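Subject: Structure for your review

Dear colleague,

Please find the structure below, handed over for your study. My findings follow directly after it.

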Amino acid sequence: AAGELSPNIDSLMFAAEKGYVHGPYLEGQTYRMAKLVGVKMSPDSVNARHILISPDKFPDQASAKVAADSLKDLIENGADFATLATQNSADPGSGAKGGDLGWFKEGQMVPSFNDACFDGTEGDLVMVESRFGYHIIEVLEQKGSTEKRAVAFIDRKVNASTKTFQMIFGE
């Protein structure tokens, strides 16, 4: 979001078109090049609920995925999300509340979960995998809209050569 990038490039990247390259420029003791690789509008916060299927409760990863797929199919065919979350979720905090996570901002959840919520739209029902297991996520609401810029960097740290180091050490 605006203001989250280095002051050297923040205004440049928010005025540029996708594909713009800036640099190389010196930032501290690092030469850096920056490329604008993506532009999107993203909600400021999301209200979602989920059911977590932990592989620890199954003989193998494949069995956990099959269980998660089955629950997702049940929900798509009219089963009550809250009831299934209470009965099946491995997340004790949200599971007891029918899977309700409340409102959260971008970056508060693990990456795959975060992306499903902030890249999706209201009403989406998706399944994603994370280090915790399989999440069946329903995006309930999204608030606000902020322009986000994805910037890729190439860094090259400036180091003194052996010859320079020896010369300075000798002095």
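**Salt bridges**

A salt bridge joins the side chains of D69 and K65, with 3.4 Å from N to O. Please keep in mind throughout that this is a predicted model. Both residues belong to helix α2, which covers residues 61-76, and they stand 4 residues apart, about one turn of the helix. D69 counts as partly exposed because its relative accessibility is 30%. K65 is likewise classed as partly exposed, at 35% relative accessibility.

Helix α2 also holds E76 and K72, again 4 residues apart, about one turn of the helix. Their side chains meet in a salt bridge of 2.9 Å, N to O. Are these two partners buried or exposed, or in between? E76 has a relative accessible area of 45% and is therefore partly exposed. K72 has a relative accessible area of 18%; the limit for a buried residue is under 20%, so K72 is buried.

The side chains of E106 and K148 form a further salt bridge, at 2.7 Å from N to O. This pair links distant parts of the chain, since its partners are 42 residues apart. E106 lies in the loop between β4 (100-105) and α5 (111-119), while K148 lies in strand β7 (residues 146-157). With a relative accessible area of 29%, E106 is partly exposed. K148, at 19%, is buried.

Salt bridges that share partners also join E27, R32 and D155 into one network. How many salt bridges does the structure hold? The number is 8.

**Aromatic rings**

A pair of aromatic rings is described by the distance of the centres and the angle of the planes. A search of the whole structure finds 3 such pairs. One of them is formed by F104 and F118, whose ring centres are 6.0 Å apart and whose planes stand at 75 degrees, an edge-to-face arrangement. Because F104 is in strand β4 and F118 is in helix α5, the pair ties together parts that are 14 residues apart in sequence. Both F104 and F118 are buried. Together with F113, these two residues make up one aromatic cluster.

How are the rings of F165 and F169 arranged? Their centres are 6.4 Å apart and their planes are at 15 degrees; planes under 30 degrees apart count as stacked, so this pair is stacked. Both residues lie in helix α6 (residues 162-170), 4 residues apart, about one turn of the helix. F165 and F169 are both exposed, whereas F104 and F118 are buried.

R32, already named as a member of the salt-bridge network, has its charged end over the ring of F153, 4.0 Å from the ring centre. What sits over the ring of W103? The charged end of K143 is placed there, 4.5 Å from the centre of the ring.

**Strand β3 and its partners**

Strand β3 runs over residues 45-53 and is mostly covered, with 8 of its 9 residues buried. Which strands pair with β3? One partner is β4, in the antiparallel sense over 5 bridges. Within this pairing, A48 stands opposite G102 in β4. Another partner is strand β6 (residues 133-143), also in the antiparallel sense, over 9 bridges. Here I53 is found opposite Y134 in β6.

**A nonpolar patch on the surface**

Which residues form a nonpolar patch on the surface? They are V21, M33 and I154, which together have about 260 Å² of accessible area. M33 belongs to strand β2, which spans residues 30-42. Its relative accessibility is 33%, so M33 counts as partly exposed.

You may then turn to β3, which has pairings with β4 and β6.

Yours sincerely,

A colleague

Technical notes
Residues numbered from 1 in each chain as written. Predicted model: local features only at pLDDT ≥ 70, side-chain atom pairs only at ≥ 80, totals over all residues. Heavy atoms only, no water. Patch = residues over 30% accessible without salt bridge, like charges linked within 9 Å, V, L, I, M, F, W, Y side chains within 5 Å. Areas by Shrake-Rupley, 256 points an atom, 1.4 Å probe, with all protein chains shown as cover. Salt bridge = Lys/Arg side-chain N within 4 Å of Asp/Glu carboxyl O. Helix = DSSP H or I, 4+ residues; strand = E, 2+ residues; numbered from the N terminus. Buried < 20%, exposed > 50% of the residue type's maximum accessible area, 1.4 Å probe, protein only. Phe/Tyr/Trp six-rings, centres within 6.5 Å; stacked < 30°, edge-to-face > 60°. Lys NZ or Arg CZ within 6 Å of the ring centre and 35° of its normal. Pairing = 2+ DSSP bridges.
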